[in-house]
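Thank you all for coming; I would like to walk you through one model this morning. Please have a look at it first, and then I will go through a few local features.

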Amino acid sequence: MKAIRRFSVRPVLPEPLRPLSELARNLRWSWHPETRELFQTLDPEGWRAAEGDPLRLLGAVPAARLAALADDRRFRRRLAAAADDLHDYLTGNRWYQEQPPGLPAAVAYFSPEFGITAALPQYSGGLGILAGDHLKSASDLGVPLIGVGLLYRHGYFRQSLSREGWQQEHYPLLDPNELPLTLLREADGTPGVVALALPGGRSLRAHIWKAEVGRVPLLLLDSDVEENASGERDVTDRLYGGGSEHRLLQEMLLGIGGVRAVRTYCRLTGHPAPEVFHTNEGHAGFLGLERIRELAARGLDFDAALESVRAGAVFTTHTPVPAGIDRFDRGLVARHFGDDAELPGIDTERILALGAEDYPGGDPGLFNMAVMGLRLAQRANGVSTLHGQVSRQMFAGLWPGFDADEVPITSITNGVHAPTWVAPEVFRLGARRVGAGRAEDALALGGSEHWDSVAEISDADIWELRRTLREQLVEEVRGRLRASWRERGAGTAELGWIDGVLDPDVLTIGFARRVPSYKRLTLMLRDRERLTGLLLDPRRPLQIVVAGKAHPADDSGKRLVQELVRFADDPAVRHRVVFLPDYGMGMAQKLYPGCDVWLNNPLRPLEACGTSGMKAALNGCLNLSVLDGWWDEWYEPDFGWAIPTADGSGTDEERRDDLEAAALYDLLADRVAPRFYDRGPDGLPGRWIEMVRGTLATLGPKVLAGRMVREYVGRLYHPAAEAQRALTPDAARELAAWKARVRAAWPGVAVDHVETVSDGPLNGTAELGSTVTLRVSVALGGLEPSDVEVQALAGRVDADDRLTGTSAFPLKPAAAPALDGRRLYEGSLTFDRTGPFGYTVRILPAHRLLAQGAEMGLVAVPAEASGEAAGVLMR
């Protein structure tokens, strides 16, 4: 029989043990080994049964055991020390508090998913794990972040396999009262509520749950409240589920409701109001509309409010393909905004224009969430250097007239939260050599001065560590594999072979990630005979551990999973290749450290960053990857291998995969395996260990989320906060009016004539270091010289006479305007490089409150007949 009502019964802790509750509810325990060890001593068996979740553990520890611990003086001392350490962590100054004044008082960080810990399953993959690592590193650095997301009552699905190897999905119900969450309440004890208006007089209400991620509050909105109708209660039912309207409502709640939740939280707690709003991917883009509504309520018109909102906004894009962006039918969006629904004071057409694909190749019938995110943020970034380049090309249509490399999208390469992902054994080895304090600084702050000490660790210690971690992975895999086969219907008598699965002395390769087609889960199966030969090689065998989930609606991805599973089920190789279902944070924390090589073979350049290889690297695992995402940026042959890319224009998909799979097999057979099995007189693989040492020393400080968050603070958050402060209501009105005037006048702005003045004839050549004077006649269409910047751009010229590697420098007004209103500008051009060299000139809008010249997407360049506009000066 089913219960008609459910309660979460909490234990009553003896007074001396009350600090356990605070320790369990602050998720710092998930990356703080001493706190986890304290909980483990409560009840080691219960800790395993609770899967490392302190709240579940506290709910199961017998009262007699609690009473005994309350009388245990040694345990009370450990508990007091842990509570004091948490208090110091939460209240003491950290990196952010030691920076010069001017940083934002607070930053609101919005994401559709957060991977903090397996005990709070609100993530599906890399985007959520990245968001969780961002919050945890912000906490370690003292950055005053407020996280904002949704609370999905069914989370993301749990994965199992049928007997035939087909992925099956399960959605367990999550009770927030049994999660490390606290309901945000008003002063009178009633739950804090945000509400959205829906078409037809309906409303969508949500409660606000708070998770404590160290120093960072994470606010999660929950629509499963009694005041909602059944349809609205299900808005936050599951992550990435439902149809188009369901997703739209989720994203409206995340963005609009999220801003209202932040306001409620700051009102109730006194937390400083955010000066900067960071949108992690386009799902939360509607937050900018809510901020415009707030400003409109204070008397700003739409255009002025838009400028103010843009100044304090940061947008991070994570997808390198248009298909990965949320796009909604314009009619659906229009129905949910306006007088009969949400944001009634804002013209619906202005809202629709923000997400319009009004550029070549765009679909005029769709509303694009990433396009809106870019239009609502003055600062935007991709998540690796290569992804930044891809993003600038993908969104170049929003800035017509500019080369892709000038599109105002920068890049900050992702990082990973080392205290979460580094195995305790790795940390202990480092701490033993350099001290616990230096080891903690290395993980939190980075810096080569903290990681160079890896050189002090002996080859024998590194190799012993690697074997220990591999041995732990073997045990973990066997346990998970046995559980998986039981779920598939196998009896105990059929599973004796699992005791021989994997070998702690065999080269172990890991591959674990989501299973969209571009990540190519089954590339390794391209030539099964050759792969089998590598797995079963009598002298240099390999073993492979694979994990990953396909999206529930992606049958092609499920077929890839089934193909891999069926290969792994073959009795001839099943002791050497394993597929583990239900990939998540708990599994990952064992998988990364235990592998010797981390394999990544996406279609280049479709992997925006790919942080799984970073987590592996922090544990001394070597990367074998296509040059995509972060590996394209930081690969060196001293500590890893690059899979060649068959990306020629004449190569079809089948041949491309054949060529890249063959290159993968060659690398494994000829370079990876020999390096691992080549042992010196001391029995150690000296060259392999040097690669491990190089991975830790060189990649360690680079792949940290601490480095990433510091870059966000310095390059994006701080400038955004300063821009936000500069945009007072009057300044916002001024900027909006100026932009309107410039846009209206721009059709009359033109470069009329360009000429070069030199001491002698150029004749198509010039000497290095010589200088000429440029004179440019321009029409400003009624604008003042202070409204524009006239620039010369000089650089190398390719075979198509296109400029590359350009440098820009301003030209100065040379005289009063002519009778016809035209103006003359002059400047010197120095030939500072040899080879094909050229220049052009252009006119850009200029204003002290613009972040960059390309911001408005307006540019005037010479016509073909305007003189020597792009003449090649050196050959």
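Predicted model: local features only at pLDDT ≥ 70, side-chain atom pairs only at ≥ 80, totals over all residues.

**The annotated lysine**

Lys615 is buried, at a relative accessible area of 4%, where buried means under 20% relative accessible area, exposed means over 50% and partly exposed lies in between, with a 1.4 Å probe and protein chains only. Residues are numbered from 1 along each chain as its sequence is written, and side-chain values use heavy atoms, with hydrogens and water left out.

In an unreviewed UniProt entry, Lys615 is listed as "modified residue: N6-(pyridoxal phosphate)lysine"; such annotations may be inferred rather than shown by experiment, feature names are shortened, and positions are given in the numbering used here. Lys615 sits in helix 24, residues 612–617, helices being DSSP runs of H or I with at least four residues and strands runs of E with at least two, numbered from the N terminus. Leaving aside residues up to four places away in sequence, Lys615 touches Ile129, Asp133, Val416, Trp421 and Tyr592, contact meaning heavy atoms within 4.5 Å.

Turning to the cysteines, how many disulfides does the structure hold? There are 0, a disulfide being a pair of cysteine sulfur atoms within 2.5 Å. For Cys595, the closest cysteine sulfur is that of Cys621, and at 5.6 Å it is too far for a bond. Cys595 is itself buried, with a relative accessible area of 0%.
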